[in-house]
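Subject: Structure handover

Hello,

Please find the structure below. My notes on what was found in it come after.

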Amino acid sequence: LRKAAVSSAANIVEGSARRNEREYLHFLNIAAGSAAEARYLADVSGRLSFILPEDCRSLEAGYKELCASLKALMDSLEPGDK
């Protein structure tokens with residue numbers, strides 16, 4: 001879960017430092033995959049009682065919002081949408 005969380009943030013940062021939108025989109029796509037992975041792992045952790053139910057709900061809500069925000073950002077940067 002920690003690895004997926006760090007990967008998501010690191011790919012957003014790395015992508016923002018790229019020179020063109022195509023490269024930026026590539027890293028945002030990786031970040032979105034890592035965010036989806038973290039959301040799933042939070043759910044699994046809650047179901048297996050590795051984390052408290054309230055922590056599970058909080059993590060899932062945060063990653064749901066992050067996934068939606070990354071999708072919206074990627075959609076806004078897609079070629080042909082301008």
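H1 passes H3 in a left-handed crossing. On the H1 side the contact is made by Ala5, Ser8 and Ile12, and on the H3 side by Tyr63, Leu66 and Leu70. By class, these residues divide into 5 nonpolar, 1 polar and no charged.

Please keep in mind that this is a predicted model.

The chain as a whole

The secondary structure of the protein chain comes to 3 helices and 0 strands. Along the sequence this reads as the pattern α-α-α. The C-alpha atoms fill a box of roughly 45 × 20 × 15 Å, taken along the principal axes. The protein chain has 82 residues, and buried residues make up 27% of them. Take the contacts between residues at least 6 apart in sequence: 62% of these join residues at least 24 apart.

H1 against H2

How are two packed helices described? The angle between their axes and the distance between the axes are used. For H1 and H2, the axes come within 8 Å and cross at roughly 165°. That angle makes H1 roughly antiparallel to H2, because the term applies over 145 degrees. The crossing of H1 and H2 is left-handed. H1 contributes Ala4, Ala5, Ser7, Ser8, Asn11, Ile12, Glu14, Gly15 and Ser16 to the contact, while H2 contributes Tyr24, Phe27, Leu28, Ile30, Ala31, Ser34, Ala35, Glu37, Ala38 and Leu41. Sorted by class, the contact of H1 with H2 has 11 nonpolar, 6 polar and 2 charged residues.

Helix H2

H2 has 27 residues and reaches 39 Å from its first C-alpha to its last, close to the 39 Å expected at 1.5 Å a residue. Its buried residues include Tyr24, Leu25, Phe27, Leu28, Ala31 and Ala32, and also Ser34, Ala35, Ala38, Ala42, Val44 and Ser45. When you look at such a list, remember that an α-helix has 3.6 residues a turn, so residues three or four places apart point the same way. The buried residues of H2 pack against H1 and H3.

Leu25 lies in helix H2 and counts as buried, at 11% relative accessibility. Leaving aside its neighbours within four places in sequence, Leu25 is in contact with Met74, Leu77, Glu78 and Pro79. Ser45 is also in helix H2. Is Ser45 buried or exposed? Its relative accessible area is 11%, so Ser45 is buried, the cut-off being under 20%. With neighbours within four places in sequence again set aside, Ser45 is in contact with Leu1, Phe50 and Ile51.

The loop between H2 and H3

Ser49 is in the loop between H2 and H3. At 61% relative accessibility, Ser49 counts as exposed. Ser49 has a positive phi of about 60° although it is not a glycine. For background, most residues other than glycine have a negative phi. How far apart in space are Leu25 and Ser49? From C-alpha to C-alpha they are 36 Å apart, and in sequence they are 24 residues apart.

Helix H3

H3 covers residues 53-77, which is 25 residues. From its first C-alpha to its last it reaches 36 Å, close to the 36 Å expected at 1.5 Å a residue. Which residues of H3 are buried? They are Cys56, Tyr63, Cys67, Leu70, Met74 and Leu77. What covers them includes helix H1 (2-16) and helix H2 (21-47).

One of these is Cys67, found in helix H3, which counts as buried at 18% relative accessibility. Leaving aside its neighbours within four places in sequence, Cys67 is in contact with Ala35 and Ala36. The C-alpha atoms of Cys67 and Arg39 are separated by 8.8 Å, and the two residues are 28 apart along the chain.

Regards

Methods: Residues numbered from 1 in each chain as written. Predicted model: local features only at pLDDT ≥ 70, side-chain atom pairs only at ≥ 80, totals over all residues. Heavy atoms only, no water. Helix = DSSP H or I, 4+ residues; strand = E, 2+ residues; numbered from the N terminus. Expected span 1.5 Å × (residues − 1). Buried < 20%, exposed > 50% of the residue type's maximum accessible area, 1.4 Å probe, protein only. Contact = heavy atoms within 4.5 Å. Axes fitted to C-alpha atoms, helices over the stretch in contact; angles between N-to-C directions. Parallel < 35°, antiparallel > 145°, perpendicular 65-115°, else oblique. Left-handed = near helix turned anticlockwise from the far one by under 90°. Nonpolar A, V, L, I, M, F, W, Y, C, P; charged D, E, K, R; others polar.
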